[in-house]
Amino acid sequence: MLKNRPHLRSLSLVPERLPALGAGFPFDVPVVRALAASEGGLALDVPVTFFVGENGSGKSTLMEAMAVALGKVAIGADDVERDVTLAPARALAEAMRFVWNKKTARGFFLRAEDFFGYAKRLGAMSSELKELEEDYERTLEGLGRQLATGLVRGQRAALDQRYGKGLDRRSHGESFLDLFQARFVPEGLYLLDEPEAPLSPTRQLSLLAMIKDMVGRGAQFIIATHAPLLMAYPGARIYAFEGGAPRLVPFDEVEHVEVTRAFLRDPEQFFRKL
């Protein structure tokens, strides 16, 4: 049934919307040019898709442009329309074309490095609401003060209920999982860039459990990652970014997986070769 299919079926780049070679970043990134030349684009019609590859391979560049083109809410200090670091992504987004099974406005875009900025943003919002409440207490009287302070207290309570108190004061891993717990909703489309960065292996398993739960409730995930634990999600599609068009690879043939397995089999041999 259609309702059980992932939201997004495919992504492609429209060559006519891309500038000529020499236009600079991000248009000269090899994966961008390769996708523009690809007839089929990038199939995304499974609940979980991974982008894997070395830093600089283009996976984050593509992910950022997708977030802009899809209008995703960003978990960061700024939204995608105002974040200065996403200016190249906004340019590339103009060339993107998507094919849908069913559109959704739910979900968000997260870059791991943006998280603390987002946590501080929430803390600042809570502080501003507290100051506003105190100002109303000093300057208003009677029913007006009661209504105004009640509204502000309600907003602060809603923040605390959704995210807990002191999101920016807990450990990075704890805060990440708390955020996912608070913001994952059924039928969402989530773009996550290296969500494993602050997570121990045990907490990566916790994230996998959350993803599994959300997939069971109609969510779709596109994740750029270096983490073999995450890549092992059953039935996931894995694209390796290696300079040309992203290449489909089985889990057992992902370079990160092969290197991790070889290291764990004989760590001493690796150290001898360093």
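User: Which side chain does Arg 217 meet in a salt bridge?
Analyst: Arg 217 meets the side chain of Asp 213, with an N to O distance of 2.9 Å. Please bear in mind that this is a predicted model.

User: Is Arg 217 buried, partly exposed or exposed? And what about Asp 213?
Analyst: Arg 217 counts as partly exposed because its relative accessibility is 42%, between the 20% and 50% cut-offs. Asp 213, at 41%, is likewise partly exposed.

User: How many salt bridges are there by this rule?
Analyst: The count comes to six. One of them joins the side chains of Asp 45 and Arg 237, at 2.5 Å from N to O.

User: What does Asp 252 pair with?
Analyst: Asp 252 forms a salt bridge with Arg 261, and their closest N and O atoms are 2.9 Å apart. Asp 252 is partly exposed at 47% relative accessibility, and Arg 261 is partly exposed at 39%.

User: Staying with Arg 261, which residues does Phe 251 touch?
Analyst: Leaving aside residues up to four places away in sequence, Phe 251 touches Arg 261 as well as Pro 228, Met 231, Ala 232, Ile 238 and Val 257. As for Ala 232, its C-alpha atom is separated by 6.6 Å from that of Phe 251, although the two residues are 19 apart along the chain.

User: Where is Phe 251, and is the residue buried, partly exposed or exposed?
Analyst: Phe 251 sits in the loop between strand 10 (247-248) and helix 9 (255-265).

User: Changing topic: how many aromatic pairs does a search of the whole structure find?
Analyst: The search finds eleven. Among them is the edge-to-face pair of Phe 108 and Tyr 190, whose centres are 5.0 Å apart and whose planes make an angle of 75 degrees. This pair links distant parts of the chain, with Phe 108 in strand 6 (residues 108-111) and Tyr 190 in strand 7 (residues 189-193), 82 residues apart. Both Phe 108 and Tyr 190 are buried.

User: What about Phe 180 and Phe 184?
Analyst: Phe 180 and Phe 184 are stacked, at 5.1 Å centre to centre and with 10 degrees between the planes. Phe 180 is buried, with a relative accessible area of 0%; Phe 184 is also buried, at 8%.

User: Which residues do ring pairs link into a cluster?
Analyst: The cluster consists of Phe 108, Phe 180, Phe 184, Tyr 190 and Phe 221.

User: What is the bridge partner of Ser 10 in strand 2?
Analyst: The partner is Ala 43. Ser 10 itself lies in strand 1 and is buried, because its relative accessible area of 17% falls under the 20% limit. Among the residues that Ser 10 touches are Leu 42, Leu 44, Arg 97, Phe 98 and Val 99.

User: How many residues of helix 2 are buried?
Analyst: Ten of its twelve residues are buried, including Lys 59, Glu 64 and Leu 70.

User: How far does helix 2 reach, and what follows?
Analyst: Helix 2 reaches 16 Å from its first C-alpha to its last, close to the 16 Å expected at 1.5 Å a residue. Gly 71 follows helix 2 and has a positive phi, near 70 degrees.

Key
Residues are numbered from 1 along each chain as its sequence is written. This is a predicted model: local features need pLDDT of at least 70, side-chain atom pairs count only at pLDDT 80 or more; totals for chains, interfaces and linings use all residues. Side-chain values use heavy atoms; hydrogens and water are left out. Helices (H or I, at least four residues) and strands (E, at least two) are DSSP runs, numbered from the N terminus. Contact means heavy atoms within 4.5 Å. Two strands pair if DSSP finds at least two bridges between them. Rings of Phe, Tyr and Trp (its six-membered ring) pair if their centres lie within 6.5 Å; planes under 30 degrees apart count as stacked, over 60 as edge-to-face and the rest as tilted. Buried means under 20% relative accessible area, exposed over 50%, partly exposed in between (1.4 Å probe, protein chains only). A salt bridge is a side-chain nitrogen of Lys or Arg within 4 Å of a carboxyl oxygen of Asp or Glu. The expected span of a helix is 1.5 Å times one less than its number of residues.
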